[in-house]
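Subject: Structure handover

Hello,

Here is the structure I said I would pass on. My notes on what was found in it follow below.

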Amino acid sequence: RLELAKSGAAGTLPGMLERVTYVGSDLELVVKTELGEVFIVSPDVDAPWEPGQKVGVKFPDKGPVLVGG
């Protein structure tokens, strides 16, 4: 699962938070990166994410990750 991190965090893909949507027990986030838009679902509904905020996209340390081209 992809995760959001603070801007500039080591090992992350930099991006700009485009959209934050509260959906019951999760947040749905859209991040604009140099590779295109990335969709993230986060269970951390209390996180202070705001559209326009610079963020980093963190990839899991193990397991499959599909990146379209």
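The protein has a radius of gyration of 11 Å, and a compact globule with 69 residues would have one near 11 Å, so the two agree. Please keep in mind that this is a predicted model. Along the principal axes, the C-alpha atoms fill a box of roughly 30 × 25 × 20 Å.

The secondary structure is quickly described. The protein has five strands and zero helices, so the order of elements from the N terminus, by the DSSP runs used here, is β-β-β-β-β. Of the contacts between residues at least 6 apart in sequence, 49% join residues at least 24 apart.

As for burial and surface, 28% of the 69 residues are buried. The protein exposes about 4900 Å², and 53% of that area is supplied by carbon and sulfur atoms. On the charge side there are 7 positive and 10 negative charges, and their mean positions lie 5 Å apart.

Thr33

Thr33 belongs to strand β3, which covers residues 26-33. Its relative accessibility is 9%, and since the cut-off for buried is under 20%, Thr33 counts as buried. The side chain of Thr33 has two polar contacts to the backbone that I would point out. A polar atom of that side chain lies 3.1 Å from the backbone nitrogen of Leu35, and the side chain of Thr33 also reaches the backbone oxygen of Gly36 at 2.8 Å. Setting aside residues up to four places away in sequence, Thr33 touches Leu13, Pro14, Gly15, Val38 and Val57.

Glu34

What follows Thr33 in the chain? Glu34 sits in the loop between β3 and β4. With a relative accessibility of 69%, Glu34 counts as exposed, because the threshold for that class is over 50%. Glu34 and Gly15 are 19 residues apart in sequence, while their C-alpha atoms are 7.3 Å apart in space. Gly15 is also one of the residues that Thr33 touches.

Ser42

Ser42 is part of strand β4, residues 36-42. Is this residue buried or exposed? Ser42 is buried, at a relative accessible area of 14%. Its side chain reaches the backbone nitrogen of Asp44 at 3.1 Å. Apart from neighbours within four places in sequence, Ser42 is in contact with Asp26, Leu27 and Leu29. Strand β3 spans residues 26-33.

Arg19

Arg19 is placed in strand β2, residues 12-23. Arg19 has a relative accessible area of 48% and is therefore partly exposed. Which residues does Arg19 contact, leaving aside those within four places in sequence? They are Glu28, Leu29 and Val30. For Leu29, the C-alpha to C-alpha distance from Arg19 is 5.5 Å, at a separation of 10 residues in sequence. Leu29 is also among the contacts of Ser42.

Regards

Key. Residues are numbered from 1 along each chain as its sequence is written. This is a predicted model: local features need pLDDT of at least 70, side-chain atom pairs count only at pLDDT 80 or more; totals for chains, interfaces and linings use all residues. Side-chain values use heavy atoms; hydrogens and water are left out. Helices (H or I, at least four residues) and strands (E, at least two) are DSSP runs, numbered from the N terminus. The radius of gyration is taken over C-alpha atoms; the globule rule is 2.2 Å times the number of residues to the power 0.38. Buried means under 20% relative accessible area, exposed over 50%, partly exposed in between (1.4 Å probe, protein chains only). Contact means heavy atoms within 4.5 Å. Accessible areas come from the Shrake-Rupley method with a 1.4 Å probe; for residues, only the protein chains shown count as cover. Lys and Arg count as positive and Asp and Glu as negative; His and the chain ends are not counted. The place of a charge is taken as NZ of Lys, CZ of Arg, CG of Asp or CD of Glu. A polar contact is a pair of N or O atoms within 3.5 Å; within protein, one must be able to donate a hydrogen and the other to accept it, and residues adjacent in sequence count only if both atoms are side-chain atoms.
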